[in-house]
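Please look through the sequence and the model below before reading on, and keep both in view.

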Amino acid sequence: MKKDRRKKLTVFLLAVVMTFGGIFLPSQVEAASKPHMKTVNVKWDLKKNKTVTYKTRYAGLGMVKQKAKITNYKIKNSKKKGYKELTFTVKFTRQWNMGKKQVHKLANSPEAKADKMGGKYFWTLVDYDSGKSPEGKNKQKVVAEYGDWVYSTPKYYRDDDGCWVSLTNSSMKVKVTYPKDYKGLCIGIGGSAALQNTANDTKFWKGKAAFGKTSYYSKKDKSVAHFMRVTK
């Protein structure tokens, strides 16, 4: 009888382990399949013709608010069968009323003297699931074409000690061709939590690192990066 009880107890414990395994397994599968862009700390408030305020790091000043927007946003059927064509212009307003004290702090900071002024800004395309940039060949078959940056006339800011800083506004025209059935295309614009590009920033632009590995967003402040999904 004792031997039978042991067998029954062993079978019962095995059944409990299998039951708990069945409970935890679905949550593990769900976590593994979560889209990358759903896990990063960014704002999903980017819309056509809407100005967003992003933050970017400047030497001696820390995180500074600046503005950007997307204009001339249009989607139409591409000449390439089964594809759509998206065009837009991205505009960054980097000039602001920089005070004399700000000029002095920035120009005399150790980072600026080492040519690390900061003020980085970006626009990018990313895949919602992987968080990677579709640069070059990509399985989503997205092709991005864009021209050079167009800069405004520089604006100079000075302090009373002869220090000066110049800033320009900038814009760029973009054309994106993507499959009609592709729903993962995202557009992002913003600044940076770092003064210079990191190794992962470089990997990201080559399509080899996810956005969440870059300096173009902050785990603490989601206003560094602003995104939208292309839904048509």
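Gly119 is found in the loop between α3 (110-113) and β4, in a model that, as should be kept in mind throughout, is predicted. Is Gly119 buried or exposed? Its relative accessible area is 3%, and because buried means under 20%, Gly119 counts as buried. Leaving aside residues up to four places away in sequence, Gly119 touches Thr56, Arg57, Tyr58 and Arg94. With Arg57 the separation along the chain is 62 residues, yet the C-alpha atoms of Gly119 and Arg57 are separated by 5.6 Å.

Ser192 has 0% relative accessibility and so counts as buried. A polar atom of the side chain of Ser192 lies 3.0 Å from the backbone nitrogen of Ala194. When residues up to four places away in sequence are not counted, the residues that Ser192 touches include Thr56, Arg57, Lys120 and Tyr216, and also among them are Lys55, Met63, Ser215 and Val224.

We can now turn to the nonpolar interior. In soluble globular proteins, nonpolar side chains tend to be buried together. Here the largest nonpolar core has 24 residues, and those with the most contacts inside it are Leu86, Phe88, Val176, Leu185 and Ile187. The elements that give two or more residues to this core are β1 (52-58), β2, β3 (83-93), β4 (122-127), β9 (170-179) and β10. A second, separate core has 14 residues, including Val42, Tyr128, Cys186 and Phe227. To return to the largest core, one of its residues, Phe88, touches Ile70, Tyr73, Trp123, Met172, Val176 and Ile187, among others, when residues up to four places away in sequence are left out.

The largest pocket holds about 220 Å³ of space, and β2 (62-77) and β11 (225-229) are the elements that give two or more residues to its lining. That lining has 14 residues, of which Lys48, Tyr73, Met228, Arg229 and Thr231 lie nearest the centre of the pocket. By class, seven of the lining residues are nonpolar, one is polar and six are charged.

In the second largest pocket there is about 150 Å³ of space. Its lining is made up of Lys120, Tyr121, Phe122, Trp123, Trp149, Tyr151, Asn197, Trp205 and Tyr216, and by class it has seven nonpolar residues, one polar residue and one charged residue. Lys120 and Tyr216, which belong to this lining, are also among the residues that Ser192 touches.

Notes. Residues numbered from 1 in each chain as written. Predicted model: local features only at pLDDT ≥ 70, side-chain atom pairs only at ≥ 80, totals over all residues. Heavy atoms only, no water. 1 Å grid on protein atoms, 1.4 Å probe; cavity = no way out; pocket = protein on both sides within 12 Å on 5 of 7 lines; lining within 4 Å. Points joined across faces, edges and corners; volume = space filled by probe spheres on them. Helix = DSSP H or I, 4+ residues; strand = E, 2+ residues; numbered from the N terminus. Nonpolar A, V, L, I, M, F, W, Y, C, P; charged D, E, K, R; others polar. Buried < 20%, exposed > 50% of the residue type's maximum accessible area, 1.4 Å probe, protein only. Polar contact = N/O pair within 3.5 Å; in protein donor to acceptor, adjacent residues only side chain to side chain. Contact = heavy atoms within 4.5 Å. Core = buried A, V, L, I, M, F, W, Y, C linked by side-chain atoms within 4.5 Å.
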